[in-house]
Amino acid sequence: MAETLEPDLGAQDPPDQSDLTPGFEVEPIPRYDIGDPEALQRMLKELPVILTNAKVVDSACEKWTPEYLAQHMGDEVDFSVFHSPTREFLYWDGAKNKAAYDFKPPTKKTEMKFAEFVSKDLR
């Protein structure tokens, strides 16, 4: 049986992220119109690019609402959902803690069906 997320997720203000730096150099990802030849060149070089005016996902975005997905995902599979009381999600993997350090994970992992996830108010 799936655990339940703690209620009242929206009661906390998101943390101020203006002073957070990732500790490594970050470059902005350029945006290109789908028809711009530079977009294709970047993709061929396996460089990141944000494509604009691409109509390939319009029908999926219209059809694949959370409700539609919940109805069609089935109830056979549990999905891992991570909850953070601060809305900050830091990577960690308890299985890699071979030295058994005393460490409190920054997030809580919960298993649930997709329909249950969609029904949560996660704002």
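**View 1. Aromatic cluster of Phe-79, Phe-114 and Phe-117****.** In this predicted model, ring pairs join Phe-79, Phe-114 and Phe-117 into a cluster. A pair of aromatic rings is characterised by the distance between the centres and the angle between the planes.

**View 2. The edge-to-face pair of Phe-79 and Phe-114****.** The ring centres of Phe-79 and Phe-114 are 5.9 Å apart, and the planes form an angle of 70°. Phe-79 belongs to strand β3 (residues 79-83) and Phe-114 to helix α4 (residues 114-119), so this pair ties together parts that are 35 residues apart in sequence.

**View 3. The tilted pair of Phe-114 and Phe-117****.** The ring centres of Phe-114 and Phe-117 are separated by 6.1 Å; with the planes at 45°, the pair is therefore tilted.

**View 4. Solvent accessibility of Phe-79, Phe-114 and Phe-117****.** Phe-114 has a relative accessible area of 17% and is buried, because the value is under 20%. Phe-79, at 28% relative accessibility, counts as partly exposed. Phe-117 likewise counts as partly exposed, at 30% relative accessibility.

Note on methods:
Residues are numbered from 1 along each chain as its sequence is written. This is a predicted model: local features need pLDDT of at least 70, side-chain atom pairs count only at pLDDT 80 or more; totals for chains, interfaces and linings use all residues. Side-chain values use heavy atoms; hydrogens and water are left out. Rings of Phe, Tyr and Trp (its six-membered ring) pair if their centres lie within 6.5 Å; planes under 30 degrees apart count as stacked, over 60 as edge-to-face and the rest as tilted. Helices (H or I, at least four residues) and strands (E, at least two) are DSSP runs, numbered from the N terminus. Buried means under 20% relative accessible area, exposed over 50%, partly exposed in between (1.4 Å probe, protein chains only).
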